[in-house]
Amino acid sequence: MEKQRDGFVSSVGAFTATVASAVGLGNIWKFPYLAGVNGGAAFVLTYLLAVALVGLPILVAEHAIGRKMRKDAVGSYAAVVPQEGFWVVIGYAGIVAAFFIMAFYSDVAGWVFSYIYKSLVAALTGTGPLDGKAFESMVRGSGEPLLWQIGVLIFVSFIVVAGVSKGIERATKLTMPVLLGLLLLCDIRALTLPGAFKGVEFLFAPDFSKLSGAVILSALGLAFFKLSLGMGTMTTYGSYMPHSVRIVPNATRVALADTLVSLLAGLAIFPAVFAFGFEPASGPSLLFISIPAVFSKMPLGTLFTVLFFLLSALAATGAMISLIEVPVAWLSGKMNVKRSAAVLITALGILVLGVPATLSLGPWAQVKLFNMVIFDLLDYIQQNLLLPLGGLAIAIVAGWRVVASDLIQELEIAEKGKKCYIYAVYGFIKYISPALIVLVFLNGFGIFSK
Ligand code: PFF
């Protein structure tokens, strides 16, 4: 007999848990840093289009398949098309992606956690705000970032062992609105700095000469990463959803909320970058240099900095919980491993990749493959290959292999009467999203250029 599956207890809970997976370091760290590296507004616009035209339809597809199958990602894709068990590869690729992502994500989360501590110390001792040097010296080391990374993994593991509805829903319902409020405060301060407008321009006035195949692929990959798509996370979350959830409106709200947080983070960071004369293309350090600088121009700034990194750490935790859940749900569901053992195995697996990723920014910086250090390579593979290809496979399964009326029926649950948006989204899942992924992908690898 099947074990009773744990699940989200309400549709509000399903919304907040999904947002908790989506919102994380992707919004406050990755989105701004990629926007900076890729030249600003043209990238941002491409990213927004990718969310609307590809991300949202695939989010819907994943939720529908998960809720219909009521299984983890591997189980869902193994069984979703009878006689075509090979789609299970989506689930396995998702597990690989979860490990790749967690390897660098737990490193960056470690920086965020350390910034809570560092800014607290700065607040108590009255030393100035944390600057670029503080960041560099931490990241280039080995002992310090590793300790924080391991600490983060232990922390997240404990939460995941507590179980789905209890652990995830409770932890995140309260913290998201506070993070939003703090970002708004940060925006107001950043936007009123002298010279701030250049940052707004950078973010919203597109210069299309900045677009290239690689930039567009990166924007598409970010849309997947942001919404936790293409690797079964949202399929697993769909499997926990009650029948009171209307999948399309819920997914739309999730995508909107998530995008709003990214834009608010961008509006806190870029005006400050230009006002203070930082380098927009400075890469992964961008968040850690600009946010303390913004708060330093506010009364009680150091305390706000502490609070900002605290809430960012919680957002990162929500995302990591969902990442760890991918292998854990598989190990404990299909492989019948005890949940606590499944978490332990997963955390150790993450460290196997995560320690080299962390060291690759410091003592192992010489080790390069395809001209990338390990940290960047893992990030590149998940974002530009695994997630878009996973998303393509999911669109093909949902649009072409699952019987159309079955999928539509799943989307109509809890809706009153026929809804034309359901048919529109289905059209995207079937035609537009997969076609765009293929085009962006080929273009990204230069197939169309001479
Ligand atoms: N969406 C998360 C973020 O933007 O921080 C990262 C993420 C979580 C990606 C879960 C993939 C995933 F399955």
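What radius of gyration would a compact globule with 450 residues have, and what does the chain have? A compact globule of that length would have a radius of gyration near 22 Å, and the chain has 21 Å, which agrees; the radius is taken over C-alpha atoms, and the globule rule is 2.2 Å times the number of residues to the power 0.38. Along its principal axes, the C-alpha trace spans about 65 × 50 × 45 Å.

This is a predicted model, in which local features need pLDDT of at least 70 and side-chain atom pairs count only at pLDDT 80 or more, while totals for chains, interfaces and linings use all residues. Residues are numbered from 1 along each chain as its sequence is written.

The chain holds 19 helices and zero strands, where helices (H or I, at least four residues) and strands (E, at least two) are DSSP runs numbered from the N terminus.

Two packed helices are described by the angle between their axes and the distance between the axes. Here axes are lines fitted to C-alpha atoms, for helices over the stretch in contact, and angles run from 0 to 180 degrees between N-to-C directions.

| Pair | Axis distance | Angle |
|---|---|---|
| α10 (197-204) and α13 (247-276) | within 6 Å | roughly 125° |
| α1 and α13 | within 10 Å | roughly 40° |
| α13 and α14 (286-296) | 9 Å | about 80° |

Angles under 35 degrees count as roughly parallel, over 145 as roughly antiparallel, 65 to 115 as roughly perpendicular and the rest as oblique. α10 and α13 are therefore oblique to each other, α1 and α13 are likewise oblique, and α13 is roughly perpendicular to α14.

The crossing of α10 and α13 is right-handed, and α1 also passes α13 in a right-handed crossing; a crossing is right-handed if the near helix is turned clockwise from the far one by less than a right angle, and left-handed if anticlockwise.

Residues are in contact if their C-beta atoms, placed from the backbone, lie within 7 Å. In α10, Lys198, Gly199, Val200, Phe202 and Leu203 meet residues of α13 that include Gly266, Phe270 and Phe274. In α1, Ala14, Phe15, Thr18, Val19 and Ala22 meet Asn250, Arg253, Val254, Ala257 and Asp258 of α13.

**The ligand shell**

Of the 15 residues around the ligand, Gly24, Gly26, Ser228, Thr233 and Ala319 come nearest. At least two residues of the shell are supplied by each of α1 (11-22), α2 (25-37), α11 (213-226) and α15 (301-333). By class, the shell divides into seven nonpolar, seven polar and one charged, with Ala, Val, Leu, Ile, Met, Phe, Trp, Tyr, Cys and Pro counted as nonpolar, Asp, Glu, Lys and Arg as charged, and the others, Gly among them, as polar.

Methods: A residue is near a molecule or strand if its C-beta atom, placed from the backbone, lies within 6 Å of it. Two residues are in contact if their C-beta atoms, placed from the backbone, lie within 7 Å.
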